[in-house]
Amino acid sequence: MYKDKIDKYIEAHKQEMIEDIFELCRINSEKMPAEEDMPFGPGPAECLDTALDMAEGYGFETLDYDGYVGCVDMSEELPRHLDILAHLDVVPAGEGWTVTQPFDPIEKDGRLYGRGTADDKGPAVAALYAMRAVKELGIPLKKNVRLILGTDEECGSSDIKHYYSTEEEAPMTFSPDASYPLVNVEKGRFPGHFTKEFEASEALPKIVKINAGTKINVVPGKAKAVVKGIEKSVLESAEAETTQAIGVKFENDWNGDEAEITAVGAGAHASTPEDGNNALTGLVNLLCRLPFAQSAQLDSLKGIAELFPHGDMNGTTIGVDMQDEISGRITLSLNMLTVTDTTIDAEVDGRIPVCGTDENVLEVVRKRLGEHGFTLHNKALIAPHYVSEDSDFVRTLLKAYEAYTGEKGTCQSMGGGTYVHHLKNGVAFGASMPGVDNRMHGADEFANIYDLVTSAKIFALAIVELCG
């Protein structure tokens with residue numbers, strides 16, 4: 001009944017929607033040190049204020065939950081029913097951008113480029129425009145729609161924990177922070193943290209330090225180490241051999257007998273490590289080829305190379321490779337590593353299928369790490385999330401997707417965790433079309449304009465069907 005009206009409205013407001021997305025994407029909303037009334041720093045706070053001002057300008061009621069979360073309501077007088085859960089914070093800008101700078105968004109070849117265009121500012125604005133379409137078209141609703149805008153999704157979701165400490169979960173929730181058709185299964189998480197201490201050695205040649213990784217959920221595109229006492233020709237020969245073997249490249253900066261080595265691979269989201277080329281494990285691969293003097297530090301690094309070899313993204317070597325029909329195969333990616341002359345501190349990101357448990361994943365990893373003297377600090381895995389594909393909620397969302405795409409709506413699983421992971425009736429829905437690699441968390445992140453515009457239409461129709 002309302003499909004054509006929604007279609008015409010969104011098309012008529014497409015350029016305005018793009019401009020609003022750009023306004024938010026120009027703000028660096030990476031997590032920063034907390035300040036007064038800014039729990040995640042001035043960047044996320046500015047972005048949240050800007051988004052709420054934008055919504056108020058379109059006539060919506062808004063609420064600010066202590067700077068953690070902002071909410072946009074269709075009408076607070078209507079009973080709670082549907083929440084749309086999006087976020088305004090972003091991962092660090094990173095390096096390797098070629099189309100534009102991270103916070104200078106541009107439109108090019110049918111795409112919006114810039115940090116946050118796909119994850120998750122673009123989808124958040126698409127949801128706002130869906131609500132705006134329903135409101136300005138005068139489509140009557142019997143139940144409320146609330147757009148929840150978080151500011152700490154990328155660093156642990158403490159914002160949403162704060163929100164749900166005072167608010168109850170809505171009867172149904174979707175998050176536009178994935179891809180279509182619909183994600184009703186999210187793998188469990190294993191944010192593994194392990195350490196080791198040992199005695200220092202001054203014998204040369206030696207590794208002075210390693211500093212690799214930016215966040216546990218990001219496969220690093222670059223990684224750095226400083227070595228001392230290695231001959232230049234020996235280092236360059238090993239680098240050429242390593243590049244030929246695994247594709248990671250290396251850059252050197254010499255200062256006397258010390259060299260800072262930068263490994264250059266390709267970054268990716270930790271839920272899909274196969275999309276990148278891990279510079280950290282590539283760097284470890286190189287270092288284990290070099291003729292360093294014997295030391296406890298070197299033995300420990302070789303232990304890491306044995307347990308997490310470059311190219312093993314499914315925990316095969318460490319003994320936890322598994323899969324099931326509901327959620328697919330496990331992924332395990334070593335993404336953070338700090339090495340000094342006396343310590344190793346490392347973090348591994350695991351995405352665990354429904355068949356994974358503390359016993360067959362966590363304790364296996366603990367035992368294998370222990371064999372090399374490492375201490376695993378985790379006590380339990382984060383459980384997987386599942387919502388039945390037969391629910392009216394899921395079926396309605398899929399019908400809205402089918403209405404504007406002409407494609408069959410089906411359910412799928414994902415390795416990435418979203419805001420709805422701990423919600424009883426929450427799913428991820430949009431906002432990129434199937435098969436699109438929008439370089440989330442990497443350089444040159446983009447969103448297809450078609451995907452965002454179509455998402456606004458899909459969301460609007462879903463709102464009408466669920467709340468009208």
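# A guided tour of charges and cysteines

A search of the whole structure finds 0 disulfides, a disulfide being a pair of cysteine sulfur atoms within 2.5 Å. The model is a predicted one, in which local features need pLDDT of at least 70 and side-chain atom pairs count only at pLDDT 80 or more, while totals for chains, interfaces and linings use all residues. Residues are numbered from 1 along each chain as its sequence is written, and side-chain values use heavy atoms, with hydrogens and water left out.

**Stop 1**

Select Cys 47 together with Cys 25. Cys 47 is in no disulfide, and its nearest cysteine sulfur, that of Cys 25, is 7.7 Å away. Is Cys 47 buried or exposed? With a relative accessibility of 0%, Cys 47 counts as buried; the word buried stands for under 20% relative accessible area, exposed for over 50%, and partly exposed for values in between (1.4 Å probe, protein chains only).

Select Cys 355 next. Cys 355 is in no disulfide either, and the nearest cysteine sulfur belongs to Cys 411, 19 Å away. Cys 355 is partly exposed, at a relative accessible area of 27%.

**Stop 2: salt bridges**

Side chains of opposite charge can pair when their charged atoms come close. The structure holds 21 salt bridges, each being a side-chain nitrogen of Lys or Arg within 4 Å of a carboxyl oxygen of Asp or Glu.

Select Asp 73 and Arg 146, whose side chains meet in a salt bridge (2.8 Å, N to O). Which parts of the chain does the pair link? Asp 73 belongs to strand E2 (residues 69-73) and Arg 146 to strand E6 (residues 144-150), distant parts of the chain with the two residues 73 apart. Helices (H or I, at least four residues) and strands (E, at least two) are DSSP runs, numbered from the N terminus. Both Asp 73 and Arg 146 are buried.

Arg 80 is partly exposed, at 27% relative accessible area, whereas Asp 83 is buried, at 0%.

Now select Arg 189 and Asp 349. In this salt bridge the closest N and O atoms are 3.1 Å apart. Arg 189 lies in strand E10 (residues 188-197) and Asp 349 in strand E20 (residues 343-352), so the pair ties together parts that are 160 residues apart in sequence. Arg 189 is buried, with a relative accessible area of 17%, and Asp 349 is buried at 0%.

**Stop 3: helix H3 and a negative patch**

Select Glu 23, Glu 36, Asp 37, Glu 46, Asp 49, Asp 53, Glu 56, Asp 64 and Asp 66, which gather in a patch of negative charge on the surface. Patches are made of residues with over 30% relative accessible area and no salt bridge; like charges are joined within 9 Å. Which element gives the patch its largest share? Helix H3 (residues 42-57) does, with 4 residues. Asp 66 sits in the loop between strand E1 (61-65) and E2 and counts as exposed, at 53% relative accessibility.

Finally, select Pro 44, which lies in helix H3. Pro 44 counts as buried, at 2% relative accessibility. The C-alpha atoms of Pro 44 and Lys 31 are separated by 6.7 Å, although the residues are 13 apart along the chain.

Terms used
Patches are made of residues with over 30% relative accessible area and no salt bridge: like charges are joined within 9 Å, nonpolar side chains (Val, Leu, Ile, Met, Phe, Trp, Tyr) within 5 Å. Accessible areas come from the Shrake-Rupley method with a 1.4 Å probe; for residues, only the protein chains shown count as cover. Lys and Arg count as positive and Asp and Glu as negative; His and the chain ends are not counted. The place of a charge is taken as NZ of Lys, CZ of Arg, CG of Asp or CD of Glu.
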